[in-house]
Amino acid sequence: MNLIEHLWEHLKLELHQPYSDTFALKGSPNVVKMKLKERLMEIWWQIGEEVLDQLIDSMPGRVRALIHAKGWYTEY
């Protein structure tokens with residue numbers, strides 16, 4: 001039900017498209033942290049309004065599914 005989880009998933013998918021080497025960054029922990037931060041900030045600011053709108057628009061369906069499942073697991 002938490003939209004931020006889906007936003008994180010989108011961010012990770014978008015990160016690995018232009019930066020497929022992200023999983024194997026080399027350097028000291030500080031260098032890796034700096035590179036990762038730069039990449040994440042770039043991708044974060046590229047997330048379009050349509051992605052956010054889709055997540056927001058999905059809430060009524062999510063709530064209906066949760067009610068139908070009586071608070072248990074849903075497809076979301």
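Predicted model: local features only at pLDDT ≥ 70, side-chain atom pairs only at ≥ 80, totals over all residues.
In which handedness of crossing does H1 pass H2? The crossing is right-handed.

## Overall fold

The chain contains four helices and zero strands. Read along the sequence, the pattern is α-α-α-α. The C-alpha trace spans about 50 × 25 × 15 Å along its principal axes. The radius of gyration of the chain is 16 Å, whereas a compact globule of 76 residues would have a value near 11 Å. Of the 76 residues in the chain, 22% are buried. Among contacts between residues at least 6 apart in sequence, 57% join residues at least 24 apart.

## Helix pairs

Two packed helices are described by the angle between their axes and the distance between the axes.

| Pair | Angle between axes | Distance between axes |
|---|---|---|
| H1 and H2 | about 110 degrees | 10 Å |
| H1 and H3 | roughly 150 degrees | within 10 Å |
| H3 and H4 | about 30 degrees | 5 Å |

### H1 with H2

Helix H2 covers residues 29-46, and its axis makes an angle of about 110 degrees with that of H1. Angles of 65 to 115 degrees count as roughly perpendicular, and H1 and H2 are therefore roughly perpendicular to each other. On the H1 side the contact is made by Leu7, Leu11, Glu14 and Leu15, and on the H2 side by Leu36, Arg39, Leu40, Ile43 and Trp44. Sorted by class, this contact has seven nonpolar residues, two charged residues and no polar ones.

### H1 with H3

Helix H1 runs over residues 3-16 and helix H3 over residues 49-57, and their axes cross at roughly 150 degrees. Angles over 145 degrees count as roughly antiparallel, so H1 and H3 are roughly antiparallel to each other. Their crossing is right-handed. H1 contributes Leu3, His6, Leu7 and His10 to the contact, and H3 contributes Val51, Leu52, Leu55 and Ile56. By class there are six nonpolar and two polar residues in the contact of H1 with H3, and no charged ones.

Leu7 of H1 takes part in the contact with H2 and also in the contact with H3.

### H3 with H4

The axes of H3 and H4 are 5 Å apart, at an angle of about 30 degrees. Angles under 35 degrees count as roughly parallel, and H3 and H4 are therefore roughly parallel to each other. Leu55, Ile56 and Asp57 of H3 meet Met59, Pro60 and Arg62 of H4. The contact of H3 with H4 has four nonpolar, two charged and no polar residues.

Leu55 and Ile56 of H3 are in the contact with H1 and in the contact with H4.

## Single residues

### Arginine 62

Apart from its neighbours within four places in sequence, arginine 62 is in contact with Met1, Leu3, His6, Leu55 and Tyr76.

### Arginine 39

Arginine 39 is found in helix H2. Is arginine 39 buried or exposed? With a relative accessible area of 12%, arginine 39 is buried, because buried means under 20%. Leaving aside neighbours within four places in sequence, its contacts are Leu15, Tyr19, Asp21, Thr22 and Leu25. Leu15 and Arg39 are both listed in the contact of H1 with H2.

### Glutamate 38

Glutamate 38 is also found in helix H2. Its relative accessibility is 49%, so glutamate 38 counts as partly exposed; the cut-off for exposed is over 50%. Glutamate 38 and leucine 55 are 17 residues apart in sequence, and their C-alpha atoms are 25 Å apart in space.

### Lysine 70

Lysine 70 lies in the segment after H4. Its phi is near 55 degrees, a positive value in a residue other than glycine. At 71% relative accessibility, lysine 70 counts as exposed.

Definitions and conventions:
Residues numbered from 1 in each chain as written. Heavy atoms only, no water. Axes fitted to C-alpha atoms, helices over the stretch in contact; angles between N-to-C directions. Helix = DSSP H or I, 4+ residues; strand = E, 2+ residues; numbered from the N terminus. Left-handed = near helix turned anticlockwise from the far one by under 90°. Contact = heavy atoms within 4.5 Å. Nonpolar A, V, L, I, M, F, W, Y, C, P; charged D, E, K, R; others polar. Rg over C-alpha atoms; globule rule 2.2 N^0.38 Å. Buried < 20%, exposed > 50% of the residue type's maximum accessible area, 1.4 Å probe, protein only.
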